[in-house]
Amino acid sequence: MKNTTFAFFLLISSVISAQINGNVSSISRQNVVHMENNSIIYKDQINQFRKQNLVPNPIITLDVKALHNIIADSYTAVFNVTQIGKTSEETNRLMKNRMAKVKNELLANGIPEQDIILDVVSFIPIYETVVEHKIFSKKYNEVPKGFELQQNIHVKFTKVNQFEKILSACANNEIYNLVKVDYFIDNIQEIYSQLRVEILKTLKEKQQFYTDLGFDITLYKPTIADTQYCYFPKEFYKEYQAFNSTSIEAFSKKQGVQKTTKPISYYYDPLSFKDYDIVINSSIVEPVIQIGLEIKLQYTSKPQEPKPADKETVAPKYFLISPNGSIDVKELKIS
């Protein structure tokens, strides 16, 4: 009895620990070992930096990385709807009825009519194979038996909590195929302008740091490279599958444990800000748009200009020649 009680509390403590740490950290024993190896690698990198011998380098490199986590100004959810019917008229009528019900429910939940758009994707006949028997042969013919109409419904919304109501409205009308959700920013140029301002501040601080160390930046020739990027949440979803599964009912059974199917789960894993100098809105609660701007400057020593050689000054000489053509030439000394 004591052993059973101890095992029960041990199980409860492990469950609580998993709740606090998150299931991702316990995906599998292999992943845990892998994470331990990563920590060893990071420590080795620090030790290598501390032990390395410095080699004179005529190049000074300054780089600044900035990241801005933006909550989208608006979203657009796209659902696919498929309707079949025996005739084209019946198919079109059934689709219109479904769309009207969805639209009315969305309007009741505060979605404006102009933010609900219907997009017809396809309208095609459905064929079935019919066997045609003859005396000495058999043929298979395709005969139209109905029609299939596909439409996409685009719903724009501005708050994340509205999405649950949109899902409910679609599910109530047997629409379950969520194609995608797009994120939008009203003015992305303002974000880049803000990042440029922050990068200039940090760059000046780094330049001042090298100046304080004794380097005269004005004696170096600069070269520059920069890049910018924008990532959306759908690009950073990862999948994982639970490795361990434990059932409390196993304690009441003398033998045999029935294993359950472990579904594949997904989680949002955005860019880590550990490598960035500047991070705006670093605390992320919901999936965000990540906008980055990076700049790199390299300063190389300017070649020293050769000093001009001193020119030898030659004093002029003056001579007097007699007017009668005498060869007697005398040098005139002028002080």
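Let me begin with Val279, which is partly exposed, with a relative accessible area of 25%; on this scale buried means under 20% relative accessible area, exposed over 50%, and partly exposed in between, with a 1.4 Å probe and protein chains only. This is a predicted model, in which local features need pLDDT of at least 70 and side-chain atom pairs count only at pLDDT 80 or more, while totals for chains, interfaces and linings use all residues. Residues are numbered from 1 along each chain as its sequence is written, and side-chain values use heavy atoms, with hydrogens and water left out.

Val279 lies in strand 9, where helices (H or I, at least four residues) and strands (E, at least two) are DSSP runs numbered from the N terminus. Leaving aside neighbours within four places in sequence, Val279 is in contact (heavy atoms within 4.5 Å) with Leu67, Asn69 and Phe273.

For the protein overall, there are 5 helices and 12 strands, and of its 335 residues 21% count as buried. Among contacts between residues at least 6 apart in sequence, 79% join residues at least 24 apart.

Let me turn to helix 5. Helix 5, residues 188–212, has 25 residues and reaches 37 Å from its first C-alpha to its last, close to the 36 Å expected at 1.5 Å a residue, the expected span being 1.5 Å times one less than the number of residues. At its start, a side-chain oxygen of Asn187 reaches to within 3.3 Å of the backbone nitrogen of Gln189, and the helix is followed by Gly214, whose phi is positive, near 110 degrees. Which residues of helix 5 are buried? They are Ile191, Tyr192, Leu195, Ile199, Thr202 and Leu203. An α-helix has 3.6 residues a turn, so residues three or four places apart point the same way. The buried residues of helix 5 pack against strand 1, strand 6 (220–231), strand 9 (278–280) and strand 10 (289–301).

Next comes Asn80, which lies in strand 2, residues 74–85, and is buried, with a relative accessible area of 14%. The side chain of Asn80 makes a polar contact of 2.9 Å with the side chain of Asn152, and another, of 3.4 Å, with that of Thr82; a polar contact is a pair of N or O atoms within 3.5 Å, where, within protein, one must be able to donate a hydrogen and the other to accept it, and residues adjacent in sequence count only if both atoms are side-chain atoms. Beyond its neighbours within four places in sequence, Asn80 is in contact with Gln150, Gln151, Asn152, Ile175, Asn177 and Val179.

Two loop residues also deserve a mention. Most residues other than glycine have a negative phi. Glu174, however, has a positive phi of about 60 degrees although it is not a glycine; Glu174 sits in the loop between helix 4 (162–171) and strand 5 (177–184) and, at 56% relative accessibility, counts as exposed. Asn281, in the loop between strand 9 and strand 10, likewise has a positive phi, near 60 degrees, but at 34% relative accessibility Asn281 counts as partly exposed.
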